[in-house]
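What follows is a walk through one protein chain, from its overall make-up down to single side chains. Keep the structure open and locate each residue as it is named.

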Amino acid sequence: MTISSPSAGAENYRGIWLTILLSLLLGFASISTDLYLPAMPSMGAQLGASQGQLELTVSGYLMGFALGQLFWGPVSDRFGRKVPLMLGIAIFVVGAAGCALSTDATQLIAARIVQALGASAAVVLGRAMVRDLFHRDEAARMLSTLMLIMGIAPMIGPSVGAQILALSSWQSIFWVLVGVGGVTLIGLARTAESLPRSMRGECNLAQAFLAYGPLFKNAKLMAHAMILGCFGAGVFAYVAGSSFVFIEYFSLSPQAYGLIFASGIGGIMLSNAVNLRLVGRFGSIRMLFIGTSIAAVAGLLILLVASTGWGGWIGFSIALFAYIGMNGLIGANAIAGGLSSVEQGTGSASALLGFAQYGGGMVGSALIGLLANGTPMPMALIISVSTTCAVVISLTISRRRASQ
């Protein structure tokens with residue numbers, strides 16, 4: 001199939017099947033981690049690992065995820081989306097099986113890195129497929145639609161993981177992920193290529209990687225990447241540290257933690273619905289600034305609750321709900337805004353944005369492991385500082401747009 005433009009491609013590709021597949025691809029990062037979060041304390045006990053070591057399974061995953069995207073982007077710009085996607089999902093399956101078979105923390109961390117290298121293909125190439133088929137504001141609406149749908153998986157992920165843990169063992173959680181990867185491979189085999197040969201790069205693979213040079217000089221792209229990196233640091237500090245905060249510090253059950261985590265994903269779905277409705281009216285830049293502003297205020301509230309104990313776990317949960325929920329405004333609009341700044345090499349640009357987002361997440365989750373002291377303060381500090389940086393960059397983008 002030849003696609004002459006994103007709009008023409010969108011007409012050919014609209015449909016329930018593609019929407020479901022793209023939602024699954026973009027959700028690989030979250031389901032790969034959210035499902036096993038409630039099991040982390042019990043995994044530590046069985047593997048003889050400390051809290052910091054178990055939190056490194058998150059930062060190790062994010063390292064592989066961030067670096068993997070830098071590889072898959074140029075590969076897909078040169079060879080198309082479908083074959084690299086299928087190869088990536090196959091690697092994900094191998095890594096998930098390795099996690100299930102791990103007998104100590106070191107093996108688990110290594111298997112998580114392999115898992116992430118494969119999963120990164122799903123997210124970066126899923127985003128690139130959206131850009132193949134839709135223009136900027138259309139892409140922002142489509143990404144919001146996808147995030148709204150795929151929000152169901154991380155919403156129920158910790159609860160499902162807790163139920164699997166109650167019925168079986170933590171290893172079963174990773175065997176479930178093996179099954180998810182297998183189903184996705186079957187779906188990809190039935191899906192058409194979104195990037196026709198006429199729109200692929202003609203250079204060899206080594207030259208394709210050199211295309212990152214001009215992208216680093218693209219100020220608009222890099223500004224949106226920095227926002228994703230800053231916000232990602234806070235979000236994954238929450239992902240890495242929240243199970244220990246709620247289960248060990250606040251003494252809640254894994255099932256109760258799963259419900260709290262699900263409420264945050266519900267906030268993301270709500271903000272995605274708002275973005276889907278309003279981005280066409282206000283534009284992605286303004287919606288991005290609104291999202292980062294609300295997240296910054298919520299970050300300060302999280303720091304206040306953590307330092308004073310005001311409101312206990314309920315107050316902490318409410319502030320986190322407001323913060324995590326803004327992912328629906330920040331993620332879709334930052335990605336769409338960054339991708340709109342490039343005409344060719346969309347896969348590489350998508351990879352660079354993903355590298356920034358998950359590279360920031362790697363830093364945030366690693367800091368949680370290093371600073372862990374049994375209290376919510378390390379997580380609160382990282383969230384507050386990183387989100388303040390994100391809103392400052394977003395304000396700069398808004399002012400530059402207004403001056404043009």
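Predicted model: local features only at pLDDT ≥ 70, side-chain atom pairs only at ≥ 80, totals over all residues.

Helices here are DSSP runs of at least four residues, numbered from the N terminus. In that numbering, Asn275 has its place in helix α14, which covers residues 254-282.

The chain holds 19 helices and zero strands. Of its 404 residues, 58% are buried.

The largest nonpolar core comprises 109 residues, and Leu25, Phe174, Phe316 and Tyr323 have the most contacts inside it. Helix α13, residues 219-249, supplies the largest share of this core, with 17 residues.

Helix α15, residues 284-308, packs against helix α17, residues 327-339, at an angle of about 145° and with the axes 8 Å apart. Their crossing is left-handed. On the α15 side the contact is formed by Ser284, Met287, Leu288, Ile290, Gly291, Thr292 and Ala295, and on the α17 side by Leu329, Ile330, Asn333 and Ala334. Sorted by class, these are seven nonpolar residues, four polar residues and no charged ones.

The side chains of Asn275 and Asn333 are joined by a polar contact of 2.7 Å. Is Asn275 buried or exposed? It counts as buried because its relative accessibility is 0%, where the limit for that class is under 20%.

Ser386 belongs to helix α19, residues 377-403. With a relative accessible area of 9%, Ser386 is also classed as buried. A polar atom of the Ser386 side chain lies 2.7 Å from the backbone oxygen of Ile382. Apart from residues up to four places away in sequence, Ser386 touches Cys230, Ala233 and Gly234. The C-alpha atoms of Ser386 and Gly232 are separated by 8.4 Å, although the two residues are 154 apart along the chain.

Val178 gives another example of residues brought together from separate parts of the sequence. Its place is in helix α10, residues 170-189. Val178 and Ala96 are 82 residues apart along the chain, and their C-alpha atoms are separated by 5.8 Å. Val93, Ala96 and Ala97 are the residues that Val178 touches, not counting those up to four places away in sequence.

The last stop is a loop. Ser251 is found between α13 and α14, and its phi is near 60°, a positive value in a residue other than glycine. Most residues other than glycine have a negative phi. Where Asn275 is buried, Ser251 is exposed, because its relative accessible area is 60% and the exposed class begins over 50%.

Definitions and conventions
Residues numbered from 1 in each chain as written. Heavy atoms only, no water. Axes fitted to C-alpha atoms, helices over the stretch in contact; angles between N-to-C directions. Helix = DSSP H or I, 4+ residues; strand = E, 2+ residues; numbered from the N terminus. Left-handed = near helix turned anticlockwise from the far one by under 90°. Contact = heavy atoms within 4.5 Å. Nonpolar A, V, L, I, M, F, W, Y, C, P; charged D, E, K, R; others polar. Buried < 20%, exposed > 50% of the residue type's maximum accessible area, 1.4 Å probe, protein only. Polar contact = N/O pair within 3.5 Å; in protein donor to acceptor, adjacent residues only side chain to side chain. Core = buried A, V, L, I, M, F, W, Y, C linked by side-chain atoms within 4.5 Å.
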